Amino acid sequence: MHDVQDVKEMQAKQAGFAEKMKAKYNDKRFVNERHRAIRQGKDLLIMLFRTALVLGLSYVILGPLIGIVANSFFSNSDKYSPIVYLIPQNPTLERYALAIIRMNYWEVMRNMLIYVAGLTIIQLLVCSMVGYGFARHSFPGKKILFACVIIMIVIPSHTVMLPLYTFFMDFFGINLLGGSNAILGGTVPIIVMSFLGTGLRAGLYIYIFNQFFRGLPKEIEEAAAIDGAGSLYTYLFIMMPNAMPSIVTVTIFSIVWQYNDTFFSNLFMVSPDIVISKQITSLQANISNLDRIYDPAISTLYLYAGIVLVIIPVIILYVLLQKQFIEGVERSGIVG
Amino acid sequence: MSEQAEVVAIETPLPKKTHKPPKKSRLTLEQKKSIRGLLFVSPFIIGFVIFYLRSLIDTIVFSLTHTIMPEGAAAGFTREWAGIANFREAFTEHPTFTQELVDSLLNMSVDVLLIIFFSLFMALILNQKFKGRTLARAIFFLPVILNSEAINLAITMARAMMMGGMSPVSAEVVEAAGTSGPNLMYYIYMFEELGLPIALIDYVVEAVMRINVIITASGVQMIIFIAALQSIAPSLYEVAKIEGATPYETFWKVTFPMVSPLIITNVVYTVVDSFIRSPVVGLSYRTIFTLHNFSLGSVFSLVSMLAVCLLLFITCAIISKHTYYHN
């Protein structure tokens, strides 16, 4: 009897406890706590998923790069040692020393930077001018002309490569005076094209500037006009300083694409003394022929050093301007 | 320089002329403004006419004529009307053109779909607030910065040399590296046994194997999507929250419609970008500059361009039907 009573008491206690818990569970005071616990769990899961994804994909991107950088410091023994992975035992700078000599690095890089910087400045000026013209002036045939900008973005320059080549081959008869191919082989064709708003991906830059200038308030220009500013003055000293996000975006895009461009430099046969990417393609063959390094595994290490040397300037630029760049794209009007 | 002078000439006499009778000036203000606009745009007009319009017409002329290079001459060629003979040759006689064209177009359509999905997904993730977000964004944009055709070519050449048997040891090492890791075929068979459609399995396997290509090609698209996400007004999300929408509903009812106009931009960018890398472009480049067959090469580039434009037109028509335009 005693036991039964005990059990009943226990059951009643338990039921009471369960009810209490239920009440507590439904109690408004603890609702927030419960929700918070669920939310925290969810957040933790999302965070784990996100971290795994971002880390994994970052590795896919950075993996080859890390391999190249690490390999460029390998000495011959490291390359063939089975226990060496990424961190060399006898690191050497010899790869870089020889790659610099064989690529004629300093001179070519200087020329390349001047070439790229010059083209970027031209592209910036011309494309912003054209974009401003489209954004803030109405003139007959504007829609058709803007359609031409879109056509220029959509049509790959490969479609028109042959006529471009033949056009610059007899550039208004200049070649007849200067012997064969006075224009091709230099930087003139691409400079002319950039000046006329049809340089490398110029359509995209015009589009970006057009979208950005359209978003600026009209009152700026009206105030300038009332104060007696001409339209060239308005464009250069009033509109351009306001277009900083677009300028940063276009500058980086232009530098990077011009730097990596092989299409125009191959088409117009720009000399390898100016374009560093032409040095990299022939580097391995040069090194195995001139320095008698016939083992491809070793000569590849020199190629890796050369690649690191070539990408360093762009990486530096990107690291310096990275923040402005991503913010710039966000405000530059690509999105419209 | 002459443009500047003209602009200044039109500009200067504005304040003084106001008290004179307006008959003197023949141009109305509207006309003056439109001339100014034309002057601003003029470099582009000249460039487009010289380099694109003329070149397009020239390409068409090339494709409709036989180019004959006289033997012994250093440069120059003569043209002879050929009608559609070059087109017939490209489609019926050339051994690889039709195959490469179809291949390129198919690959492009597969890639575009994957790249758009991937970049939108990554943009959603990179748009959230978490530690190291700036670094992650920088890393994901890195492939765009380092995407140099020359470097890729050099690495491909180095690999080819390595596999070419010049050094048996290194070739062995490369092979061993290739066979390690999980056995993919096992999983493919397993999913086949489960009765999943083979086309779907192939597509997924293809996508996974090309993950590197897809990540590399979607940097710009990702940035554009991030920018679009940032430009969505926070008030829309507040309303959705007050109305009791779940995150899932919020995505489909707020985020996706607001981002959708940018999908077309990204599709165009992706198609054009992957077309430049496609084998059919390489084929026309080789035909023109290595084999010096100008007519046939022009036919290749013309046909492939038209095919890509058609592809773009169809995709954009389909997408724009489902696009929501806020303004």
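Biologist: Before we start, where do the domain bounds in this model come from?

Modeller: Happy to say: the bounds come from an automatic or database domain assignment. The structure itself is a predicted model. For chain A, that assignment gives domain 1 (2–71) and domain 2 (101–331).

Biologist: Thanks! What distance separates the centres of domain 1 of chain A and domain 2 of chain A?

Modeller: Take domain 1 as residues 2–71 and domain 2 as residues 101–331 of chain A. With centres taken over C-alpha atoms, the separation is 53 Å.

Biologist: Which helix gives the largest share of the side of chain A that touches chain B?

Modeller: Let's begin with the whole contact, which takes 68 residues from chain A and 81 residues from chain B. On the chain A side, the largest share is 14 residues, and they come from helix α16 (residues 296–331).

Biologist: And how do the residues on that side of chain A divide into nonpolar, polar and charged?

Modeller: Good one to ask about a contact surface. The side of chain A that touches chain B holds five charged residues, 19 polar and 44 nonpolar.

Biologist: What percentage of the residues of chain A count as buried?

Modeller: A residue is buried if 20 or more other C-beta atoms lie within 10 Å of its own. In chain B, 28% of the 327 residues count as buried. For the 336 residues of chain A, the value is 35%.

Technical notes
Residues numbered from 1 in each chain as written. Chains lettered and ligands numbered in written order. Predicted model: local features only at pLDDT ≥ 70, side-chain atom pairs only at ≥ 80, totals over all residues. Contact = placed C-beta atoms within 7 Å. Helix = DSSP H or I, 4+ residues; strand = E, 2+ residues; numbered from the N terminus. Nonpolar A, V, L, I, M, F, W, Y, C, P; charged D, E, K, R; others polar. Buried ≥ 20, exposed ≤ 12 C-beta atoms within 10 Å, placed from the backbone.
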